[in-house]
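Please read them alongside the structure itself.

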Amino acid sequence: MEPLLTSRTLLLVALLQSFFLIILHQSVDFAFWPGQSPPWLLAAYSLVIFLPSTLIFSSFTQLNSAFYIQLGIYALLFTLCGFYLGSQLLPERAPIPSQAWPYPLIIFLASVLLIPWLTLNSRENWLPSYDALSQAMGRLLLVFAAAQLFTLSVLMLLMLWASLFEVIEISFFTDLFSEPWFYYPAITLSQAIGVIQARSRSNLANQLFAICRNFATLLLPVLVAVAMLFFVAVLFSELDTLWQNGGSSLIFVLVGAIVLCLNLSGEALTQRPWYRHFIALGLLLLPCYLALSGWGLYLRIEQYGLSLARLWAVLIASVSMTVCVGYVWQLVTHKATWYTRLNTVNRPVTLGLLGLLIATQTPLLDFRGMSVNSQINRLTAGITQPADFDPRYLVNELGRKGLTALESLQHNIDDEQLKRRIHTALTLETKPLTTQTLLDLIDMPDEQKQALPLELVTALEVFARHNTHLFDDATELMLRPIQLDNTPEAEYLFIADTQHRVELRVFYLGVIDGVQGWQSGYMDQKVYGPQSKDLLEALKSDNFEIVEPRFKDIKIGEHRLELHSPF
């Protein structure tokens, strides 16, 4: 066994990590490699974040040569996962972190599961005992919490420092603290110092862990009682109400809390028979809860197909059901000592979960590809109607595979409206939002487009750049000339039809700071739901009338006072 890593070594590792993070950040800002290549960028970020952080948070125990070999193997594995994920993203989309989610969370969870195993296994004992793994996990979580608390304190101190000088109009420190070369070292060094301080006080960490076990012992019967009471209430309620109000997610949270507290309450289960019997009764209900949530999830998939969120829900539900069924099996087969055999379920499930998390970021379990295939197959099979198909979801959430599938689908469908929506989605995805791109997307006769005033076209482009949300969600864009006042120039009604509503804007000639130019104003109401389709058809067919307002304005000098609808 090697001695514990010294404080200087940990600080050096943190400093090197911040140095490479600065380089990666600057590569994005100044457009040099690997900032312009998502595969290499995510691969580099995976390596720079995983390797030093895992080393720092593993330093609370003695590390042998086998640890460093395994750490290098897993660092290479996560680097390859980052490269694969980056190859599935669309470099035209920004920001890349939102496309890559939940990859950062997966790296964090995998690291939490890996560190106890990496620090304890050896050639002679490749699978350490469950007690040793659980103690290492508890110590890791406490050290991690302490490091985050210290880092948060440092950041709050820096914010206070900058704010105090900002009050007297000295912005030097605000500018300084917002520079990457400052805040990356501040964060990584704070993390390392937090770990150093936490590991030097192992007795305090053990006491905190004991307090957490006591809290879990007190909370477990309350959670089980809530579960029993809720189960009785569900028997007299409609399941549709449970699923529509987000009950499935809350059930997963409840089951997770019960499982966590159950594993922390071993001493109470051993010493108090009444406590053990009451918990066993509640344990029998957990598979029933998960079956209810699973049935609701199955119905959603049957109705809408697979998506990223639903596939993650399937993974969570499967792992949760495996744990709960395993616990119930131990309860049935070992009635007197079931609580001592939870490790026979926890250890293989934990290793399996680690493997599944890594597999989701590889071609072995590609949720994006599975979602694309499900959505396209449902459309081609007639299960999903063309009007209900959402091409924006494929390009926004499913990356390059969604984009490729849409490009192929565009040439293989007959529905003209869906073709137009796919064209809109692909155009916004693959081309910058220029004047020509915007005019190509707007449904308007070509002769009317050519007759548009140049100043109006410029105003449309400026409007589009400041209202990107309309174009990201739009399924159809229209521009119609309309006469809303007594001026000789026509006004133009801009219509954005999204999945859930119709929004109307009016472009008109007005005066701003003494200069005449095209301005835009919005109509007071947004129309949602089925009524939006009726409104859209009425606007298309000119089935509407223009009425004078009931109230006139009050003009005082250069100011006009208008009456608006009450809130």
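In which helix is Val222 found?

1. Val222 is found in helix H9, which covers residues 202-235. Please keep in mind, for this point and for those that follow, that this is a predicted model. Val222 and Leu239 are separated by 17 residues in sequence, and their C-alpha atoms lie 24 Å apart in space.

2. On the overall make-up, the protein chain contains 25 helices and 8 strands, and its C-alpha trace spans about 90 × 65 × 55 Å along the principal axes. Of its 567 residues, 44% count as buried. When contacts between residues at least 6 apart in sequence are considered, 67% of them join residues at least 24 apart.

3. The chain carries 35 positive and 46 negative side chains, with the centres of the two sets lying 14 Å apart.

4. Two cis peptide bonds deserve a careful look. One joins Trp33 and Pro34, with omega at about 5 degrees, and Pro34 is placed in the loop between helix H1 (7-29) and helix H2 (38-57). Another joins Trp101 and Pro102, with omega at about 10 degrees, and here Pro102 is located in the loop between helix H4 (96-100) and helix H5 (103-120).

5. The loop between H1 and H2 also holds Ala31, whose phi is near 55 degrees, a positive value in a residue other than glycine. How accessible is Ala31? Its relative accessibility is 48%, so Ala31 counts as partly exposed, given that this class runs between the buried limit of 20% and the exposed limit of 50%.

6. Glu169 likewise has a positive phi in a residue other than glycine, near 65 degrees, and is found in the loop between helix H6 (130-167) and helix H7 (172-177). Is Glu169 buried or exposed? With a relative accessible area of 74%, Glu169 is exposed, because that class applies to values over 50%.

Definitions and conventions. Residues are numbered from 1 along each chain as its sequence is written. This is a predicted model: local features need pLDDT of at least 70, side-chain atom pairs count only at pLDDT 80 or more; totals for chains, interfaces and linings use all residues. Side-chain values use heavy atoms; hydrogens and water are left out. Helices (H or I, at least four residues) and strands (E, at least two) are DSSP runs, numbered from the N terminus. Buried means under 20% relative accessible area, exposed over 50%, partly exposed in between (1.4 Å probe, protein chains only). Contact means heavy atoms within 4.5 Å. Lys and Arg count as positive and Asp and Glu as negative; His and the chain ends are not counted. The place of a charge is taken as NZ of Lys, CZ of Arg, CG of Asp or CD of Glu.
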